[in-house]
Amino acid sequence: MNRGIVLKSTGSHYKVLGDDGKIADCSVKGKLRIKELRNTNPIAVGDNVLYEMDGKNESAVISEVLDRRNYILRKASNLSRHSQIIAANVDQLFLMITIILPETPVEFIDRFLITAEAYRVPATILINKTDLYGEDELEKMDYLESMYNKIGYKSLKLSLYDNTGLESLQVQLKDKITLLSGNSGVGKTTLLNCLNPALNLKTEAISDYHKQGKHTTTFPEMHPMPFGGFVIDTPGIKGFGVVDMEKNEIYHFFREIFLASKACRFNNCLHLDEPGCSVREAVEKGDIDFLRYRSYLNIMDSDDRKYR
Ligand SMILES: Nc1nc2c(ncn2[C@@H]2O[C@H](COP(=O)(O)OP(=O)(O)OP(=O)(O)O)[C@@H](O)[C@H]2O)c(=O)[nH]1
Ligand SMILES: [Mg+2]
Ligand SMILES: [Zn+2]
């Protein structure tokens with residue numbers, strides 16, 4: 001019996017990195033001992049599995065999925081109640097954003113962050129393509145950075161064009177399983193190639209991103225890092241979300257709003273227009289950034305909250 005970690009899952013086949021350092025192409029036979037039957041893919045990237053080599057040929061069969069520490073979900077499709085496991089056993093979430101080409105909306109960042117809060121997995125913001133930024137973009141970047149740093153999120157600035165910021169990033173990634181997320185075209189796959197040139201992954205020219213429905217990366221794939229640890233590249237996915245959030249708990253996942261909410265007059269305050277709302281007071285005083293509050297209002301207002 002061998003033990004290994006799943007690097008890639010394409011539905012019926014699994015690429016597994018064995019504890020022996022060898023890659024095995026695995027399939028599944030018979031019944032597996034797994035609990036999450038509601039998911040479309042019972043074995044995900046990051047799963048630790050036991051498998052047996054299949055006689056003379058190179059193939060192998062997975063017999064057991066070991067207990068997971070956690071797993072990150074997304075909805076399989078808009079209509080489906082089933083969800084897909086993007087990855088299991090994730091130590092940290094990294095969101096790559098860009099100020100331009102493409103512009104990452106603040107609300108997109110906040111949706112990501114509240115998801116991370118709900119999973120209780122630490123999140124870091126990677127600001128890429130700094131080489132492209134002029135005065136306006138730099139000003140906007142500084143604003144966002146200090147806004148997020150103030151409420152306790154780490155951020156790192158990168159340019160993969162001139163390789164700046166990679167050393168401090170490597171320190172953060174070392175020996176951890178990191179899920180890398182971000183809109184299509186921000187540079188996730190380019191980053192993986194910079195971190196591990198041996199990967200030689202395919203990326204696409206910026207201009208091609210304006211064509212609709214173009215995604216270079218299709219399946220989440222976990223890549224071993226030469227300095228230790230793994231990074232999971234995910235295709236530019238929108239519907240990345242958690243357990244269905246109830247309307248009255250969304251503010252729990254906005255750290256600073258949650259803190260301020262403790263002083264609201266009513267304990268069922270939703271921080272919309274209730275009297276004695278200390279969240280609104282904090283927004284008016286500038287203690288809570290209006291951009292964050294606006295994200296909160298938009299998420300409260302949308303019916304795609306249940307977008308797991
Ligand atoms: N100027 C500049 N371009 C960059 C930088 N990083 C990535 N790019 C370019 O941005 C484009 C998109 O990069 P990808 O790595 O394919 O983006 P992705 O996030 O993997 O996109 P999806 O796979 O669609 O989710 C490529 O043309 C890269 O060369 C950077 O720091 N500066
Ligand atoms: Mg990619
Ligand atoms: Zn309130």
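Modeller: In this predicted model, helices are DSSP runs of H or I with at least four residues, strands are DSSP runs of E with at least two, and both are numbered from the N terminus.

Biologist: What makes Lys129 count as buried?

Modeller: A residue is buried if 20 or more other C-beta atoms lie within 10 Å of its own. Lys129 has 24 other C-beta atoms within 10 Å, so Lys129 is buried. Its phi is near 65°, a positive value in a residue other than glycine.

Biologist: Where is Arg120, and why is this residue called exposed?

Modeller: Arg120 sits in the loop between H1 and strand S9 (123-127). The cut-off for exposed is 12 or fewer C-beta atoms. Arg120 has 7 C-beta neighbours inside 10 Å, so the residue counts as exposed. The C-alpha atoms of Arg120 and Phe253 are 9.7 Å apart, while 133 residues separate the two along the chain.

Biologist: What can be said of the backbone at Leu101 and Pro102?

Modeller: Leu101 has a positive phi of about 50° although it is not a glycine. The peptide bond from Leu101 to Pro102 is cis, with omega near -5°. Pro102 is also in the loop between strand S8 (92-97) and H1.

Biologist: How do you know that H1 is roughly perpendicular to H7?

Modeller: The axes of helix H1 (residues 106-119) and H7 come within 9 Å and cross at roughly 75°. Angles of 65 to 115 degrees count as roughly perpendicular, so H1 and H7 are given that description. On the H1 side, Val106, Glu107, Asp110 and Arg111 meet Leu291, Arg292, Ser295, Asn298 and Ile299 of H7.

Biologist: How do you know that the buried residues of H6 line one face?

Modeller: The buried residues in H6 (residues 278-285) are Ser278, Val279, Ala282 and Val283. Seen down the axis of H6, they fall within an arc of 150°, so they line one face of the helix. Glu284 and Lys285, on the other side of H6, are exposed.

Biologist: What do the buried residues of H6 pack against?

Modeller: They pack against helix H5 (255-261) and helix H7 (290-301). Just after H6, Gly286 takes a positive phi of about 85°.

Biologist: What makes S1 a paired strand?

Modeller: Two strands pair if DSSP finds at least two bridges between them. S1 has 4 bridges to strand S4 (residues 48-53) and 5 to strand S2 (residues 14-18). Both counts meet the cut-off, so S1 pairs with S4 and with S2. S1 runs antiparallel to S4, and also antiparallel to S2. Ile5 stands opposite Asn48 in S4, and its bridge partner in S2 is Leu17. The hairpin of S1 and S2 has 4 residues between the strands, and there Gly11 takes a positive phi near 100°.

Biologist: Is Leu7 buried, partly exposed or exposed, and what makes it so?

Modeller: Leu7, in strand S1 (residues 2-9), has 19 other C-beta atoms within 10 Å. Leaving aside neighbours within four places in sequence, Leu7 is in contact with Lys15, Val16, Leu17, Val45, Glu221 and Met222. Leu7 and Ala44 are 37 residues apart along the chain, and their C-alpha atoms are separated by 8.4 Å.

Biologist: How many residues are in the largest nonpolar core, and which have the most contacts inside it?

Modeller: The largest nonpolar core has 64 residues. Val6, Val16, Ala87, Leu95, Leu179, Ile232 and Val279 have the most contacts inside it. Not counting residues up to four places away in sequence, Ile232 touches residues including Val45, Ala87, Leu179, Pro220 and Met222.

Biologist: What are the totals for the chain?

Modeller: The secondary structure comes to 7 helices and 13 strands. Of the 308 residues, 33% count as buried. Among contacts between residues at least 6 apart in sequence, 63% join residues at least 24 apart.

Note on methods
Residues are numbered from 1 along each chain as its sequence is written. Chains are lettered from A and ligands numbered from 1 in the order in which they are written. This is a predicted model: local features need pLDDT of at least 70, side-chain atom pairs count only at pLDDT 80 or more; totals for chains, interfaces and linings use all residues. The arc is that of the directions from the helix axis to the C-beta atoms. Two residues are in contact if their C-beta atoms, placed from the backbone, lie within 7 Å. A nonpolar core is a set of buried Ala, Val, Leu, Ile, Met, Phe, Trp, Tyr and Cys residues joined through C-beta atoms within 7 Å. Axes are lines fitted to C-alpha atoms, for helices over the stretch in contact, and angles run from 0 to 180 degrees between N-to-C directions. Angles under 35 degrees count as roughly parallel, over 145 as roughly antiparallel, 65 to 115 as roughly perpendicular and the rest as oblique.
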